[in-house]
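Work through the exercises below with the sequence and the 3D structure open. Each task is followed by a solution in steps.

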Amino acid sequence: MIEFHLEKRTGVAPYMQLVQQVKQALRLGLLKPGDQLPTVREVVSKIAINPNTVFKAYRELEHEGLVESRPGLGTFVQKSLANSSDPDLQEALRHELRRWLYKAFEAGLESEDITALFADTLRQLQKGDKPSLT
Amino acid sequence: MDRGKVVSNALHAQQLGKRYGAHWALRNCNIQLPRGCIAGLVGNNGAGKTTLLHLAAGLLRPSTGSIEMLGTPSHNMAMLLPHIGFVAQECSLYRQFTVSETLIAGRKLNPAWDESLARSLVDRFKLPLKQTIGKLSGGQQALVAIIMALAKDPELLLLDEPFSNIDPLAKHEIGKVIMELAFERSLTILISSHVLADLEALCDYLIILAASQVRLADSIEHIMEQHKLLIGPSESFDAIATAYPVIQASHTGRQSTVLLRTDEAVSHPAWEQQDLALETVVLAYLATQESSWEAHASSILPSFQKEVFS
């Protein structure tokens with residue numbers, strides 16, 4: 001079962017942190033369809049969070065079709081986000097990413113610089129800017 | 001007024017004010033806290049947080065306006081007392097009593113005293129029953145005060161700066177206990193702190209106080225929907241500022257950053273909406289008040305917080 005944690009001062013709303021943690025676990029295959037999410041009571045007594053915030057996170061996940069709430073039983077994973085693409089391709093991408101990260105560290109970038117650069121580039125791509133492949 | 005609606009508020013302040021001589025500790029305060037909400041009360045030291053909580057607890061009489069708790073005016077304390085748990089900042093326990101004697105006093109003084117809850121919390125936090133309150137650490141004293149308030153089995157819990165003077169672990173533990181009980185007993189909670197980070201995860205409602213006035217009181221969900229942070233060219237700042245209410249704006253060279261408050265979706269080709277943190281909104285409200293209140297304050301604030309009023 002997933003264990004939630006809360007980071008203060010990240011600027012990310014607490015409910016969004018929970019949503020992201022479930023999605024991350026789904027992507028990594030740590031949560032699989034049929035798995036149960038902790039009850040609101042369990043989350044509240046583990047990480048000192050407003051119960052309504054947990055409800056809100058679960059509602060959001062349900063809205064996205066990732067989990068299903070079964071009244072009286074709990075909330076269960078419905079869909080996996082684990083990448084189903086070719087494992088060899090994934091490994092190749094990971095390899096390339098490692099090399100790129102190594103270059104970035106060599107150039108003196110810190111983790112936060114890299115995250116910012118990555119997020120910014122991703123945003124540009126999603127906005128429809130053509131990737132410049134040189 | 002619709003009676004059902006009034007009673008559905010755990011706290012209802014109307015034009016509430018408290019004056020000491022020429023100084024207003026709180027004024028023009030209008031708040032309606034829905035039952036079952038967990039409200040954070042933030043503001044700098046001296047902003048009026050304690051005054052508001054003392055008015056709510058019936059420890060002070062309003063100079064102006066009124067405050068009702070659970071549908072009953074707060075000066076009618078005889079009726080309200082059993083239903084309200086109040087933990088003062090300077091935790092008001094008898095220092096010569098042992099923990100055990102404090103619990104006995106609680107049991108004798110409160111008709112709805114929940115002995116098993118009190119005992120289980122004392123066990124959980126490993127509080128020494130035979131120790132006198134005065135010899136406990138600040139964190140332990142705060143814990144005892146909170147346990148006393150919770151064991152009254154109140155409908156409404158008022159906590160004044162419960163997290164100051166206690167270590168991060170105890171802070172987390174207290175947060176957990178309060179959230180558990182809020183969930184199990186649908187408590188309404190009003191909790192003050194000058195550290196937003198302590199409150200953000202606990203609360204679903206927020207009251208921002210600055211210079212003795214309420215700057216914002218709303219559900220956190222609506223606050224986050226309503227406020228928008230945009231970055232764009234300074235040349236079109238006026239267009240944005242005339243179209244939407246500006247809470248705060250800063251200008252650096254050709255670029256402007258602006259915080260808007262509007263329920264409408266804001267779309268302007270040159271302006272890009274940024275991710276917004278609750279802390280940014282809170283700081284903006286605390287800062288706007290300060291600079292108009294104390295002009296030199298703006299010179300010591302970071303550049304983003306230097307605001308230009310449109």
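**Exercise 1.** What area is buried between domain 1 of chain B and domain 2 of chain B, and what percentage of it do carbon and sulfur atoms give?

*Solution.* This is a predicted model, in which local features need pLDDT of at least 70, side-chain atom pairs count only at pLDDT 80 or more, and totals for chains, interfaces and linings use all residues. Residues are numbered from 1 along each chain as its sequence is written, chains are lettered from A and ligands numbered from 1 in the order in which they are written, and side-chain values use heavy atoms, with hydrogens and water left out.

Step 1. Locate the parts: in chain B, domain 1 covers 9–210 and domain 2 covers 222–309, with bounds that come from an automatic or database domain assignment. Their centres, taken over C-alpha atoms, are 34 Å apart.

Step 2. Take the contact (heavy atoms within 4.5 Å). Nine residues of domain 1 of chain B meet eight residues of domain 2 of chain B.

Step 3. Take the buried area, which is the accessible area (1.4 Å probe) that two parts lose on being put together, summed over both. For these two domains of chain B it is about 750 Å², and carbon and sulfur atoms give 79% of that.

**Exercise 2.** How many salt bridges are counted between domain 1 of chain B and domain 2 of chain B, and which strand gives the most to the domain 1 side?

*Solution.* Step 1. Apply the salt-bridge rule (a side-chain nitrogen of Lys or Arg within 4 Å of a carboxyl oxygen of Asp or Glu). The count between the two domains of chain B is zero.

Step 2. Turn to the elements; strands (E, at least two residues) and helices (H or I, at least four) are DSSP runs, numbered from the N terminus. Strand β9 (residues 205–210) of chain B gives the most to the side of domain 1 that touches domain 2, with four residues.

**Exercise 3.** How many residues does each chain bring to the contact between chain A and chain B, and which residues of chain A lose the most area to chain B?

*Solution.* Step 1. Chain A brings 22 residues and chain B brings 21.

Step 2. The area buried between the chains is about 1700 Å², with 56% from carbon and sulfur atoms. On the chain A side, A:R41, A:A48 and A:N50 lose the most, together 29% of what that side buries.

Step 3. Four salt bridges cross the interface of chain A and chain B. A:R41 forms a salt bridge with B:E184, at 2.6 Å from N to O.

Step 4. Helix α2 (40–47) and helix α3 of chain A each supply at least two residues of the side that touches chain B. Helix α2 of chain A gives the most, with six residues.

**Exercise 4.** Why does the aromatic pair of A:F55 and B:F183 count as tilted?

*Solution.* Step 1. Rings of Phe, Tyr and Trp (its six-membered ring) pair if their centres lie within 6.5 Å; planes under 30 degrees apart count as stacked, over 60 as edge-to-face and the rest as tilted. The structure holds two such pairs over all chains.

Step 2. The ring centres of A:F55 and B:F183 are 6.2 Å apart and the planes stand at 45°, so the pair is tilted.

Step 3. A:F55 lies in helix α3 (residues 51–63) of chain A and B:F183 in helix α7 (residues 168–185) of chain B, so the pair joins two chains.
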